[in-house]
Amino acid sequence: MMLVGLFALLGLVNFLLRYAFIGLLGERPLPDWLRLGLRFVPLAILTALITPDVLLPGGEWIRSPLEPRLVAAVVAIAVAARTRHTLATLASGMLTFWLVQWLHTL
């Protein structure tokens, strides 16, 4: 029963944090500096989620610059910077990862 209460409390806190932007700001215009900063939030979140998996696969630091995840991440970053196309970025990263992983098995 205590676990259900904890989940309910966490759900309420999550709701209040998200509602704060909608309910408190509403239709008010945001300052330019805040709108500029908010543009970088998705990139920062994605980087925070992916970086540990690339640099610490299995909980240990990578030992080789030819680690498949690292090579794939570098290729994906280059494609993203060049094309700004999400599908091209994902496809190039996955194909590179599979190719380097396959070359490691030879």
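Buried residues have under 20% relative accessible area, exposed ones over 50%, and partly exposed ones fall in between (1.4 Å probe, protein chains only). The model toured here is predicted: local features need pLDDT of at least 70, side-chain atom pairs count only at pLDDT 80 or more, and totals for chains, interfaces and linings use all residues. Residues are numbered from 1 along each chain as its sequence is written, and side-chain values use heavy atoms, with hydrogens and water left out.

**Stop 1: helix 1**

Select residues 2-25, which make up helix 1. Helices here are DSSP runs of H or I with at least four residues, strands are runs of E with at least two, and both are numbered from the N terminus.

Show the side chains of F15 and Y19. These two form a stacked aromatic pair, 5.6 Å centre to centre with 15° between the planes. Rings of Phe, Tyr and Trp (its six-membered ring) pair if their centres lie within 6.5 Å; planes under 30 degrees apart count as stacked, over 60 as edge-to-face and the rest as tilted. The count by this rule is one aromatic pair. F15 and Y19 are separated by about one helical turn because they are four residues apart in helix 1. F15 is partly exposed at 47% relative accessible area, and Y19 is partly exposed at 45%.

Now extend the selection to L9, L12, V13, F15, L16, L17, Y19, F21 and I22. Together they form a nonpolar patch on the surface, with about 950 Å² of accessible area. Patches are made of residues with over 30% relative accessible area and no salt bridge; like charges are joined within 9 Å, and nonpolar side chains (Val, Leu, Ile, Met, Phe, Trp, Tyr) within 5 Å. The areas come from the Shrake-Rupley method with a 1.4 Å probe, and for residues only the protein chains shown count as cover.

L9 lies in helix 1 and, at 48% relative accessibility, is partly exposed.

**Stop 2: the salt bridges**

How many salt bridges does the structure hold? There are three, a salt bridge being a side-chain nitrogen of Lys or Arg within 4 Å of a carboxyl oxygen of Asp or Glu.

Start with R35 and D32, whose closest N and O atoms are 2.5 Å apart. Both residues lie in helix 2 (residues 32-38), three residues apart, or about one turn of the helix. R35 is partly exposed at 46% relative accessibility, whereas D32 is exposed at 56%.

Next, select D53 and R69. Their side chains meet in a salt bridge of 2.9 Å, N to O. This pair links distant parts of the chain, with D53 in helix 3 (residues 41-55) and R69 in helix 4, 16 residues apart. D53 is partly exposed at 43% relative accessibility, and R69 is partly exposed at 30%.

Then select E60 and R63, where the side chains form a salt bridge of 3.3 Å, N to O. E60 is partly exposed, with a relative accessible area of 46%, while R63 is exposed at 74%.

**Stop 3**

Move to R84, in the loop between helix 4 (68-83) and helix 5. What is the phi of R84? The angle is near 55°, a positive value in a residue other than glycine. Most residues other than glycine have a negative phi. R84 counts as exposed because its relative accessibility is 73%.

**Stop 4: helix 5**

Select S92, in helix 5 (residues 86-105). Is S92 buried or exposed? At 15% relative accessibility, S92 is buried. A polar atom of the S92 side chain lies 3.0 Å from the backbone oxygen of T89. Leaving aside neighbours within four places in sequence, S92 is in contact (heavy atoms within 4.5 Å) with V75, A76 and V79.

Finish on T96, also found in helix 5. T96 counts as buried, with 16% relative accessibility. Show V71, A72 and V75 around T96: these are the residues that T96 touches, not counting those up to four places away in sequence.

Terms used: A polar contact is a pair of N or O atoms within 3.5 Å; within protein, one must be able to donate a hydrogen and the other to accept it, and residues adjacent in sequence count only if both atoms are side-chain atoms.
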